[in-house]
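Please look over the sequence and the fold below. The report that follows moves from single residues to the ligands and then to the whole chain.

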Amino acid sequence: MQDQFNRNIEYLRISVTDRCNLRCRYCMPAEGIQWMPHESILSFEEILRLIKISTRFGFRRFRITGGEPLVRKGILSFLEQAAQIPGVDDLMLTTNGILLAEHAFDLKRVGVQRVNVSLDTLDPERFRHITRGGDVNRVLQGIFRSLEAGLHPVKINVVVSRSQNYEELPKLTELARNYPLHVRFIELMPIGASDDRSDFVPIAEMQKLLDIQDVKATDDVQGGGPAEYYRPPGFQGTVGFISALSRHFCHTCNRVRLTADGKLRPCLHSSYEVDLRQALRSGVSDTEVADLFAKGVWLKPAEHHMNDREWQDKRLMSQIGG
Ligand code: SAM
Ligand code: SF4
């Protein structure tokens with residue numbers, strides 16, 4: 001459906017949990033967070049009802065995220081049901097990859113088309129440091145199992161931080177040279193646990209480091225998101241860049257988000273939310289929930305204000321879904 005600024009909104013990102021089996025430094029504090037109480041998290045039945053309602057408005061693409069979606073009990077059966085809803089053309093998952101190796105083939109079987117896997121470093125020690133305890137080898141196994149399972153295109157999300165992994169960028173691009181993987185470098189956002197702006201590296205600087213300025217952008221990677229992709233000569237995959245700050249893409253934004261506690265969040269970086277959970281649980285008809293949903297999408301803000309020094313969100317990234 002169209003929003004008030006004539007953008008075509010057809011992509012819903014759904015956070016199914018705020019819980020996670022990692023504690024990435026830029027995403028969560030070491031001690032974790034106050035988890036949302038179980039009763040405030042939407043049940044899978046409630047999420048399926050919202051997916052059906054959203055298809056009435058032309059929503060076609062759905063990404064399941066978290067927290068870590070693969071830690072939620074019953075996730076496979078939920079995905080299977082979601083994939084069968086008429087109008088759900090594209091069902092995707094964003095994961096930290098820790099539990100991916102054992103689930104990759106099942107994900108494909110139940111109807112997930114593709115996965116994005118977060119991986120900020122190939123160095124086991126550094127990975128343990130950034131994620132506060134994660135095992136990089138499990139993530140790598142998950143990535144390769146996903147390729148075998150045919151969850152194409154498999155995209156790797158790298159959040160770039162000057163103090164943590166900046167000098168490793170050339171090595172990370174080797175994944176895209178040697179395998180049909182799409183390695184996307186993402187600007188660190190000043191959200192939640194990451195409000196130290198000295199770690200921020202703009203896309204232009206990453207591209208200079210990787211000597212990619214003279215390569216022509218390619219549009220043959222399935223996605224429709226904000227990433228710009230490049231396929232340097234001899235690469236099986238591509239190298240992509242996502243810049244939410246230095247070149248923000250608000251005017252072409254096509255998505256809204258659903259938080260685990262049932263708030264429709266039309267913009268990742270605006271605190272404006274519509275409480276769908278309350279409507280779902282008050283016994284109102286689908287038509288009334290649909291009206292509320294449509295109102296939220298219509299009021300999607302024109303652009304974010306993250307570049308303002310004073311900007312701060314009350315939610316962490318793991319609570320919105322990234
Ligand atoms: N746990 C899953 C994962 O890590 O892929 C899904 C949820 S996570 C919140 C979604 C994405 O948000 C991840 O790719 C993560 O790297 C990214 N993210 C978290 N905090 C961020 C920040 N401050 N700036 C940029 N990206 C961030
Ligand atoms: Fe968990 Fe993903 Fe946040 Fe890391 S980025 S703490 S894996 S939700």
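Thr17 touches Thr65, Gly66, Gly67, Glu68, Pro69, Val71, Ala260 and Ser318, leaving out residues up to four places away in sequence. This is a predicted model. Thr17 sits in the loop between strand 1 and helix 1 (44-56). Its relative accessible area is 5%. Buried means under 20%, so Thr17 is buried.

Several of these partners return at the ligands. Gly67 and Glu68 are both touched by Thr17. A backbone N or O atom of Gly67 lies 3.0 Å from a nitrogen atom of ligand 1. For Glu68, a polar side-chain atom lies 3.3 Å from a nitrogen atom of ligand 1. Thr95 takes part through its backbone: one of its polar backbone atoms is 3.2 Å from an oxygen atom of ligand 1. How much of ligand 1 does the protein cover? It covers 94% of the 550 Å² of accessible area that ligand 1 has on its own.

| Residue | Protein atom | Atom of ligand 1 | Distance |
|---|---|---|---|
| Gly67 | backbone N or O | nitrogen | 3.0 Å |
| Glu68 | polar side-chain atom | nitrogen | 3.3 Å |
| Thr95 | polar backbone atom | oxygen | 3.2 Å |

The shell around ligand 1 holds 20 residues. The closest are Tyr26, Gly67, Ser118, Val159 and Met189. By class, the shell has seven nonpolar, eleven polar and two charged residues. Strand 3 (90-95) supplies at least two of the shell residues, and so does strand 5 (154-160).

Which residues surround ligand 2? They are Cys20, Leu22, Arg23, Cys24, Cys27, Gly67, Asn96 and Ser318. Four of the shell residues are nonpolar, three are polar and one is charged.

Val256 belongs to strand 10 (residues 255-258). Its relative accessibility is 0%, so Val256 counts as buried. Beyond four places in sequence, Val256 touches Ile9, Tyr11, Leu12, Arg13, Phe59, Leu264, Arg265, Pro266, Val297 and Lys300. Val256 and Cys267 are eleven residues apart in sequence, and their C-alpha atoms are 6.2 Å apart in space.

Met206 lies in helix 7 (residues 203-209). At 0% relative accessibility, Met206 is buried. Its contacts beyond four places in sequence are Val160, Leu169, Phe185, Ile186, Glu187, Val201 and Phe241. Met206 and Leu169 are 37 residues apart in sequence, with 7.9 Å between their C-alpha atoms.

Now the backbone. The peptide bond from His152 to Pro153 is cis, with omega near -10 degrees. Pro153 is in the loop between helix 5 (136-149) and strand 5.

Where does Asn6 lie? Asn6 is in the segment before strand 1 (11-15). Its phi is near 65 degrees, a positive value in a residue other than glycine. Asn6 is exposed, at 59% relative accessible area.

Arg132 also has a positive phi, about 55 degrees, although it is not a glycine. Its place is the loop between helix 4 (124-131) and helix 5. Arg132 is partly exposed, with 30% relative accessibility.

Last, the chain as a whole. The secondary structure comes to ten helices and twelve strands. The radius of gyration is 19 Å, close to the 20 Å that the globule rule gives for 322 residues, so the chain is as compact as a globular protein of that length. The C-alpha trace spans about 55 × 45 × 40 Å along its principal axes.

Buried residues make up 58% of the 322 in the chain. Of the contacts with a separation of 6 or more, 74% join residues 24 or more positions apart. The protein chain exposes about 13500 Å². Carbon and sulfur atoms supply 50% of that area.

Key:
Residues numbered from 1 in each chain as written. Chains lettered and ligands numbered in written order. Predicted model: local features only at pLDDT ≥ 70, side-chain atom pairs only at ≥ 80, totals over all residues. Heavy atoms only, no water. Near = heavy atom within 4 Å. Nonpolar A, V, L, I, M, F, W, Y, C, P; charged D, E, K, R; others polar. Polar contact = N/O pair within 3.5 Å; in protein donor to acceptor, adjacent residues only side chain to side chain. Areas by Shrake-Rupley, 256 points an atom, 1.4 Å probe, with all protein chains shown as cover. Helix = DSSP H or I, 4+ residues; strand = E, 2+ residues; numbered from the N terminus. Rg over C-alpha atoms; globule rule 2.2 N^0.38 Å. Buried < 20%, exposed > 50% of the residue type's maximum accessible area, 1.4 Å probe, protein only. Contact = heavy atoms within 4.5 Å.
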